[in-house]
Amino acid sequence: MIAALAFYVFAGILLLSAAMVVSARNPVHSVLFLILAFFNAAGLFLLAGAEFLAMILVIVYVGAVAVLFLFVVMMLDIDFAELRGGFQRYLPVGLAVGLVLLIELGIVLGGWKLAPDAAALRFAPNLAGAHNTAQLGRLIYTDYILLFQAAGLVLLVAMIGAIVLTLRERHSALRQDITAQQSRSVRQTMELIDMPIGAGIGGSGTTGIRRPAAPAPAPAAAPAHADHGGH
């Protein structure tokens with residue numbers, strides 16, 4: 001009874017927070033509702049006996065991903081008026097896509113039937129003496145290894161695409177020449193100076209300390225003289 005009540009509480013808050021993620025006008029509030037959804041999903045994982053997935057969801061997604069989302073949203077200068085204008089502009093397209101998804105879900109639910117022995121079925125047998133992490137690793141790296149590798153390739157392509165879209169070539173940036181650095185001799189990279197005690201750095205002629213030369217000032221542009229046709 002308590003487990004069933006906890007399931008409905010976690011599931012209800014999860015659905016409400018997921019709806020608020022996409023309906024909240026303030027992006028910061030959307031991220032906060034997303035964190036609430038992650039916590040309730042972790043509670044559902046605990047009720048299902050998947051403690052490892054629950055802890056991963058809290059540590060990785062709440063502790064890293066959602067916090068990163070929150071920092072990025074708070075650092076961006078978002079024009080809320082422009083966002084509302086774009087929402088009204090693309091509202092018919094969004095309603096059309098939502099209607100198509102609703103029809104597809106209706107078709108799926110209409111043809112779905114509950115098996116008589118569904119409560120006794122398991123996706124994988126519960127091995128005696130094996131904890132949750134070991135069973136999850138066995139499933140991922142044996143039965144679903146191809147799907148796991150495919151998911152990794154999808155994430156790799158997404159990472160490469162993000163780098164390509166955000167990378168900007170800057171000609172003013174300093175670049176490192178590894179070949180020139182490795183080919184230098186010791187005399188070109190280091191110089192030993194015999195510094196007398198108490199000499200200081202004031203007299204560069206006596207101590208032998210050489211400072212980098214100041215950059216030469218840029219030549220002033222010659223003033224343009226207008227030709228008035230005669231003097």
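Trainee: On what basis are residues numbered and values counted?

Mentor: Residues are numbered from 1 along each chain as its sequence is written, and side-chain values use heavy atoms, with hydrogens and water left out. As the model is predicted, local features need pLDDT of at least 70 and side-chain atom pairs count only at pLDDT 80 or more, while totals for chains, interfaces and linings use all residues.

Trainee: How many helices and strands does the protein chain have?

Mentor: Helices (H or I, at least four residues) and strands (E, at least two) are DSSP runs, numbered from the N terminus. Along the sequence the pattern reads α-α-α-α-α-α-α-α-α-α. The count is ten helices and zero strands.

Trainee: What share of the residues of the protein chain counts as buried?

Mentor: Buried means under 20% relative accessible area, exposed over 50%, and partly exposed in between (1.4 Å probe, protein chains only). Of the 231 residues in the protein chain, the buried share is 10%.

Trainee: Which residues make up the largest nonpolar core?

Mentor: A nonpolar core is a set of buried Ala, Val, Leu, Ile, Met, Phe, Trp, Tyr and Cys residues joined through side-chain atoms within 4.5 Å. The largest has eight residues in all: Ile35, Phe38, Ala41, Ala42, Ala54, Leu57, Val62 and Ala66. At least two residues of this core come from each of helix 2 (27–47) and helix 3 (51–75).

Trainee: Why is the pair of Tyr141 and Phe148 described by its particular geometry class, and which class is it?

Mentor: Rings of Phe, Tyr and Trp (its six-membered ring) pair if their centres lie within 6.5 Å; planes under 30 degrees apart count as stacked, over 60 as edge-to-face and the rest as tilted. By this rule there are three aromatic pairs. The ring centres of Tyr141 and Phe148 are 5.2 Å apart and their planes stand at 70°, so the pair is edge-to-face.
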